[in-house]
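Please look over the structure shown here before reading on. The briefing that follows takes up its domains, its sheets and its pockets in turn.

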Amino acid sequence: MLEIKDLTHTYADGHVAVRDVNLTVANGELVSIVGPSGCGKSTLLRCIAGLIRPAEGQVILDGRPADGVPEGLAVVFQDYSRSLLPWLSVRDNVALPLKRRGMSKAQRREAATEALESVGLAAAGGKYPWQLSGGMQQRVSIARALAYRPSLLLMDEPFGSVDAQTREDLEDLTLQVRGGNDMTILLVTHDIDESVYVGDRVVVLGASPGHVRADLPVDLPGPRDQISTRELPEFVRLRAEVGRLVRGVTETTATAAK
Ligand code: ADP
């Protein structure tokens, strides 16, 4: 569904943010992208979202080179307070992008109501974003993305600014909604546990400039559970492996140091 080929991006000041990134994501897959701060995670997502044109390389979607913002794309950013419009009700925020889908007003309203229900906010449609807690606002952002029925959903540190309990709820919500929809998801996070818990694969990026350091399959049974999944030996093993990779210590050097 998504193919990133030899992607290199250099910003206007000459800074090479990512170099020679190659990545293939299958239809319906959820790929976690994890790496240290500044390793180019957001740059990569922005290239895929068509918000910046990579200096070199290609983003191929459904077999065609992407040019601009892809049709079936939705993005959830970390900063919900800047991504929702304060002068629109929660329902209107969710319904707004659906205009691009050419839906009638009634259809937009119905789709927004349904999406809000799916994130447990059926009663909040008439409220304004600023009347809701941070976690609820982020659920509205997720509902807005879902209502759009994206074929590709990009999430950039989507749960970074909510409390731990809400974060777990939102991770489970993501897994749940993805199960019911034919959606490919790329989720950027700096949280190693989260990358393993939600992912079908974890792609670890290294820094200076950003590059793919490892691409690990996550072989954990579903449905995942916040308590029992995290206790599984495979989860513990993967978490340690990703942790070592993120910190730049490979298995071999770790062993050699003993
Ligand atoms: P991450 O999301 O992993 O924290 P980013 O993609 O935001 O990393 O940034 C990668 C690198 O590119 C960093 O060194 C950052 O300082 C730099 N960078 C990001 N945006 C710009 C920009 N607009 N101009 C120049 N350098 C940038």
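Domain bounds here come from an automatic or database domain assignment. This is a predicted model, in which local features need pLDDT of at least 70 and side-chain atom pairs count only at pLDDT 80 or more, while totals for chains, interfaces and linings use all residues. Residues are numbered from 1 along each chain as its sequence is written, and side-chain values use heavy atoms, with hydrogens and water left out.

**Domains and the pocket**

- The assignment divides the chain into domain 1 (1–72 + 151–224) and domain 2 (84–149), and the C-alpha centres of the two lie 24 Å apart.
- Contact, meaning heavy atoms within 4.5 Å, links 15 residues of domain 1 with 13 residues of domain 2.
- A pocket is an open set of points on a 1 Å grid over the protein atoms alone, where a 1.4 Å probe fits and protein lies on both sides within 12 Å along at least five of seven lines; lining residues have an atom within 4 Å of a point.
- Because domain 1 and domain 2 both give residues to the lining of the largest pocket, this pocket lies between them.
- The largest pocket has a volume of about 410 Å³, where volume is the space filled by probe spheres set on the points, which are joined across faces, edges and corners.
- Its lining consists of 19 residues, with L73, A74, V75, P97 and R144 nearest the centre.

**The sheet of 6 strands**

- Strands (E, at least two residues) and helices (H or I, at least four) are DSSP runs numbered from the N terminus, and two strands pair if DSSP finds at least two bridges between them.
- The order β6-β7-β8-β3-β9-β10 describes an open sheet of 6 strands with mixed pairing, in which β6 and β10 (211–217) are the edge strands, each pairing on one side only.
- Within this sheet, β3 (residues 30–34) and β9 (residues 201–206) are parallel and share 4 bridges, and V34 has V204 of β9 as its bridge partner.
- Helix α5 packs on this sheet, where it touches β6 and β7, and its direction makes about 175 degrees with that of β6; such angles run from 0 to 180 degrees between N-to-C directions, along axes fitted to C-alpha atoms, for helices over the stretch in contact.

**The sheet of 4 strands**

- A further open sheet, with antiparallel pairing, has 4 strands in the order β2-β1-β4-β5, and its edge strands are β2 (16–25) and β5 (64–65).
- Strands β1 (residues 2–10) and β4 (residues 56–61) run antiparallel and are joined by 5 bridges, with E3 opposite I60 in β4.
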